Amino acid sequence: MATQFVRYTPDVEDDDPHFDQNLKSVIERTESYISESVEAGGTGRALRDAHAKGYGLVRGEVEILDGLPPEYAQGIYATPGTHDALIRFSNGSPHAGADARLGAATGLALKMFDIPGPTLLEDEPDTGTFDYANINGPVFFCNTIEHYLFIQELFLNAPAYFSQGRPGAHRFFTEFVTGKGTLDQDNWAWDEFLAFLRLSKTPPANILLSSYWTMGAVRHGDYIAKVRITPDPDSAAAVVRRTIDPTSAAEVFRPALQAELQERPYAFDIQVQLCADLERMPVEDTTVEWPEQLSPSFTVAKLRLPQQDISAPENLEKMDALSFTPWRVTAEHAPLGNIMRARKEVYRQSSIERHKLNKQPRTEPRSVDEVLGA
């Protein structure tokens, strides 16, 4: 029997009466951190409040496959064809510095060009670009913006906690679970804490060998989905620098990425996992991994990275000037759930503040060549 996928309706999302108030607090804290990072961040520039350290800006091409089943041929995936793309590989931490200090959480942000239709960003609806901002884990450690208030504060101050050794780590863990003392014991953030521990135990790997998920759910036209960008098996098998040891040098992820792309092209599969059961594949609980047994991920497009040289310092400068947000998408691919909804204005205000402090023009490019040259 064919799998029956859940149809999207607005009521798959929960209403939060305190959302706007909590969002305002998160934005204020984010802007404050970015402003202070000019001096405190160690780079002399304003940092992103997440994924602060980039590993490289890569030229790519997305081929949307022909002949997809109707439930997958939705939104932008209903029209086969190729689109130029830019990819930003990054560390997930809000801090900069040596790779060993930042952990193995990494991100793949993808920007596709020449996508028809208005985006969901009201101040730039006609850019023709379409973004994904994915992380190398199928779950996330925060479900609501209410919890993000204390989790964000803990993450921004994490170096101060962990520099105190085991007592500092214990205090960090206790304040995470208890919401810094704001949560009743029955509502302690155990699920989110366990998701955080799971992500923190991700072993370091060449970033070309990781899979990257949308974190939360998104619309997929008439359906609900999560999107994964996963290594093409043949490309992954050809990677030479498979073992990454962050303690061996200050920089390990970027040199490995740079060397691999200088030697050969690479490819990822863009896959869609459709929701088949809202109980076991929830929209509002990002700590739950959607079971592949219920609904396997299905390849809808190929992301190809040609052989290229990203070693020049200006590659990092051009990467730093770009913005990626999960809300630079068409309505058929709208992010879903409380924490995904919060990312819209947090990302926008973060980008505005960072570009202002770094004296960078904040304009969305119209082509890859506009950024990287012909």
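Q: How much space lies in the largest cavity, and what makes such a space a cavity?

A: The largest cavity holds about 80 Å³ of space. The terms come from a 1 Å grid over the protein atoms alone: a cavity is a set of points where a 1.4 Å probe fits but cannot get out, whereas a pocket is an open set with protein on both sides within 12 Å along at least five of seven lines, and lining residues have an atom within 4 Å of a point. Grid points are joined across faces, edges and corners, and the volume is the space filled by probe spheres set on the points. In this structure, 1 cavity of 30 Å³ or more is found. The model is a predicted one, in which local features need pLDDT of at least 70 and side-chain atom pairs count only at pLDDT 80 or more, while totals for chains, interfaces and linings use all residues. Residues are numbered from 1 along each chain as its sequence is written, and side-chain values use heavy atoms, with hydrogens and water left out.

Q: Which element gives the largest share of the lining of the largest cavity, and how does that lining divide by class?

A: Strand S4 (130-135) gives the largest share, 5 residues. Helices (H or I, at least four residues) and strands (E, at least two) are DSSP runs, numbered from the N terminus. The lining includes Phe130, Asp131 and Tyr132, and also Val218, His333 and Met340. It divides into 7 nonpolar, 3 polar and 1 charged, where Ala, Val, Leu, Ile, Met, Phe, Trp, Tyr, Cys and Pro count as nonpolar, Asp, Glu, Lys and Arg as charged, and the others, Gly among them, as polar.

Q: What is the volume of the second largest pocket, and which residues lie closest to its centre?

A: The second largest pocket has a volume of about 380 Å³. Of its 17 lining residues, Thr43, Ala52, Gly54, Leu316 and Asp320 are the closest to the centre. Helix H9 (residues 313-321) supplies the largest share of the lining, 4 residues. By class, the lining has 6 nonpolar, 3 polar and 8 charged residues.

Q: Why are helices H5 and H6 called oblique to each other?

A: The axes of H5 (residues 165-178) and H6 (residues 190-200) come within 8 Å and cross at roughly 140°. Axes are lines fitted to C-alpha atoms, for helices over the stretch in contact, and angles run from 0 to 180 degrees between N-to-C directions. Angles under 35 degrees count as roughly parallel, over 145 as roughly antiparallel, 65 to 115 as roughly perpendicular and the rest as oblique. H5 and H6 are therefore oblique to each other.

Q: Which residues of H5 and H6 meet?

A: Phe172, Phe173, Phe176 and Val177 in H5 meet Trp190, Glu192, Phe193 and Phe196 in H6, contact being heavy atoms within 4.5 Å. These residues divide into 7 nonpolar, no polar and 1 charged.

Q: Why does Gly128 count as buried?

A: Buried means under 20% relative accessible area, exposed over 50%, and partly exposed in between (1.4 Å probe, protein chains only). Gly128 has 15% relative accessibility, so it counts as buried. Gly128 lies in the loop between strand S3 (106-112) and S4. Beyond four places in sequence, its contacts are Met112, Phe113, Asp114, Ile115 and Arg366.

Q: What makes helix H8 largely enclosed by the rest of the structure?

A: Of the 11 residues of H8 (residues 253-263), 8 are buried, so the helix is largely enclosed by the rest of the structure. Among the buried residues are Phe253, Arg254, Leu257 and Glu260.

Q: How do you know whether His51 and Met215 are buried or exposed?

A: His51 has a relative accessible area of 16%, so it is buried. Met215, at 4%, is buried. His51 lies in the loop between helix H1 (19-40) and strand S1 (54-64), and Met215 in the loop between strand S5 (212-213) and strand S6 (218-220). His51 is not a glycine, yet it has a positive phi of about 55°. Phi of Met215 is near 80°, again a positive value in a residue other than glycine.

Q: Why is Val62 called buried, and which residues does it touch?

A: Val62 has a relative accessible area of 0%, so it is buried. Val62 lies in strand S1. Not counting residues up to four places away in sequence, the residues it touches include Gly81, Leu110, Met112, Ile270 and Leu303.
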